[in-house]
Amino acid sequence: MVIDDSNTIRRSAEIFLTQAGCQVLLAEDGFDALAKIADHQPDLIFCDIMMPRLDGYQTCALIKKNPKFSATPVIMLSSKDGLFDRARGRMVGSDHYLTKPFTKDTLLQAVTDHRGRNAA
């Protein structure tokens with residue numbers, strides 16, 4: 001799943017992931033994502049930090065607080081590459097941090113690194 005309020009980022013990630021054989025679910029913000037996560041139970045979630053209504057930190061915290069999804073890897077996406085942002089992401093339970101704009105290689109490496117961690 002890719003959660004980002006930027007249509008460009010969502011589409012880029014969707015193209016890269018689809019070409020790699022992944023099924024991709026898209027969400028525009030945290031509220032949109034939470035409903036879709038419950039319905040589709042994604043194996044991996046990419047989540048933008050700066051979004052309207054419910055930001056990425058809040059979204060990640062809500063995902064991780066749900067016992068059903070606490071083991072689902074959440075990778076934060078941000079245009080900022082600061083230590084504070086990374087630390088705050090870790091505090092809410094994120095598993096990894098990617099700086100935007102990401103490349104196809106860095107996105108797919110994150111999938112490879114976290115694939116199967118949520119396999120039941």
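This is a predicted model: local features need pLDDT of at least 70, side-chain atom pairs count only at pLDDT 80 or more; totals for chains, interfaces and linings use all residues.
I count two strands as paired if DSSP finds at least two bridges between them. Helices (H or I, at least four residues) and strands (E, at least two) are DSSP runs, numbered from the N terminus. I found I75 in β4 as the bridge partner of F46. Between β3 and β4 the chain crosses through helix α3 (residues 56-65), and this β-α-β crossover is right-handed. Right-handed here means that, with the strands pointing away from the viewer, the path from the first strand over the helix to the second runs clockwise.

Next I checked β4 and β5. They pair in the parallel sense over 4 bridges. I75 has H96 as its bridge partner in β5. The chain runs from β4 through helix α4 (residues 83-91) to β5, again as a right-handed β-α-β crossover.

I then looked up burial in β4 (residues 74-78). 5 of its 5 residues are buried, meaning under 20% relative accessible area (1.4 Å probe, protein chains only). V74, M76 and S78 point one way; I75 and L77 point the other way.

Then the whole sheet. I read 5 strands in an open sheet, ordered β2-β1-β3-β4-β5, with parallel pairing. The edge strands are β2 (26-27) and β5 (96-99), each pairing on one side only. β1 (residues 2-3) pairs with β2 over 2 bridges, in the parallel sense. V2 stands opposite L26 in β2.

Notes on method. Residues are numbered from 1 along each chain as its sequence is written, and side-chain values use heavy atoms, with hydrogens and water left out. Local features need pLDDT of at least 70, side-chain atom pairs count only at pLDDT 80 or more, and totals for chains, interfaces and linings use all residues.

Terms used: Buried means under 20% relative accessible area, exposed over 50%, partly exposed in between (1.4 Å probe, protein chains only).
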